[in-house]
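I opened this structure to look at the surroundings of its ligands and at one residue elsewhere. My entries follow in the order in which I made them.

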Amino acid sequence: MLAISCAGLSSGLAQRDPIAALTPADLEQGERIYKAQCALCHGIDGGGGTGPTLQRPVLTRAPDSDALYALIRGGVPGRMPGAWLSEAETWQAAGYVRSLGRVESEDLPGDAAAGQRLYAGKGGCTSCHIVDGEGGSLGPDLTSIGDVRGARHLRQSLLDPGAALPEGQLLITAVKKDGGKIEGLRLNEDVSTIQFRDGSNRFHSLRKADLRELRREFGKSLMPSYEGSITGGELEDVVAYLASLRRKP
Ligand code: HEC
Ligand code: HEC
């Protein structure tokens with residue numbers, strides 16, 4: 001912690017936020033660091049990829065400057081590596097991340113209400129996704145998807161789901177000794193068994209010894225592509241709806 005709590009003192013004595021003190025040259029440097037070390041996971045424009053979108057004014061894991069500093073340095077175990085940066089560079093990167101949040105209110109062209117109707121209606125999305133506790137559980141819960149994914153990722157999820165697979169998701173095809181095939185999303189795997197959920201949401205646990213073949217289908221998805229089955233306008237409506245799904249304050 002850098003700041004010492006100064007509640008009760010007049011606001012004129014409030015701790016100076018190192019991010020507020022950054023110059024435009026610092027932010028340019030922060031952008032260079034971001035593009036080299038962070039864009040791979042968070043997207044070149046901060047719109048998200050395997051990591052969440054940073055185009056949001058409030059970041060869950062980094063509500064204030066100190067938390068953001070600590071997060072960039074320490075990373076998130078198993079999910080995001082800590083960065084090898086000097087103290088000054090870390091603040092520059094942090095400042096650039098905050099600047100991404102300020103341009104957040106991406107002007108989405110779609111109509112969220114129309115998108116919600118399509119979601120529940122002809123899109124059939126509710127059969128595989130939960131929003132606010134309602135829906136099927138084959139796909140990920142979308143209750144606060146707008147907090148973690150930017151518009152670009154959302155569009156891609158709908159048009160080319162296999163290319164936008166959330167980290168850790170893997171589609172597998174198990175071919176049994178009798179030739180029967182089962183396709184599903186991997187839940188767990190160890191040396192001798194594999195557990196997965198198929199397209200009808202049935203759970204399977206198989207012994208690898210009973211299988212003729214186990215294929216890992218990188219880049220494939222259980223989610224149907226909506227390319228061609230919805231219009232460009234409908235796509236934008238659904239994206240606007242998904243982007244509006246945020247944790248309630
Ligand atoms: C290997 C991929 C990867 C790299 C590289 C990476 N991140 Fe992350 N980052 C993630 C993931 C995944 C999460 C989500 C962790 C979680 O909440 O479980 C995350 C979370 C964050 C968060 C918190 C977002 C929130 O809503 O709380 C911030 C801020 C962040 N990263 C900034 C950065 C910065 C700045 C860099 C470069 C110095 C960076 N990340 C590099 C994958 C990455
Ligand atoms: C047959 C089941 C199924 C249907 C129908 C379906 N999805 Fe999915 N969806 C999935 C699965 C499974 C995933 C997880 C990744 C994968 O396998 O592609 C997913 C992933 C997603 C993601 C990415 C989530 C993330 O964290 O990046 C979004 C967004 C999404 N779906 C939205 C929708 C919308 C909107 C519709 C309706 C227009 C829809 N899905 C219809 C099964 C489905």
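**Entry 1: ligand 1, the shell.** I began with the classes of residue, and the shell around ligand 1 has 13 nonpolar, five polar and four charged residues. I note here that the model is a predicted one. Next I asked which residues come nearest to ligand 1. Of the 22 residues around the ligand, these are Cys38, Cys41, His42, Arg56 and Met80.

**Entry 2: ligand 1, polar contacts.** I looked up His42 again, this time for its side chain. An N or O atom there is 2.8 Å from a nitrogen atom of ligand 1. For Arg61 I found a backbone contact: a polar backbone atom of this residue is 2.5 Å from an oxygen atom of ligand 1. Arg79 uses its side chain, with a polar atom 3.0 Å from an oxygen atom of the ligand. I then checked which elements give two or more residues to this shell, and they are helix 2 (39–42) and helix 3 (65–74). Helix 3 gives the most, with three residues.

**Entry 3: ligand 2, the shell.** I repeated the search for ligand 2. There are 28 residues around this ligand, and Cys125, Cys128, His129, Ser221 and Met223 come nearest. By class I listed 19 nonpolar, eight polar and one charged in the shell. Which helix supplies the largest share of the shell around ligand 2? I found that helix 7 does, with four residues. Helix 7 covers 151–159, and both this helix and helix 8 (232–243) supply at least two residues.

Entry 4: The side chain of His129 has an N or O atom 2.8 Å from a nitrogen atom of ligand 2. In the side chain of Ser221, an N or O atom is 2.3 Å from an oxygen atom of ligand 2.

**Entry 5: His204.** I moved to strand 6 (residues 203–207), where His204 lies. Is His204 buried or exposed? I put it down as buried, because its relative accessibility is 15% and the cut-off for buried is under 20%. Leaving out residues up to four places away in sequence, I listed what His204 touches: Ile182, Ile194, Gln195, Phe196 and Asp198. With Asp198 there is also a polar contact, side chain to side chain, at 2.9 Å.

Notes:
Residues numbered from 1 in each chain as written. Chains lettered and ligands numbered in written order. Predicted model: local features only at pLDDT ≥ 70, side-chain atom pairs only at ≥ 80, totals over all residues. Heavy atoms only, no water. Near = heavy atom within 4 Å. Polar contact = N/O pair within 3.5 Å; in protein donor to acceptor, adjacent residues only side chain to side chain. Nonpolar A, V, L, I, M, F, W, Y, C, P; charged D, E, K, R; others polar. Buried < 20%, exposed > 50% of the residue type's maximum accessible area, 1.4 Å probe, protein only. Contact = heavy atoms within 4.5 Å.
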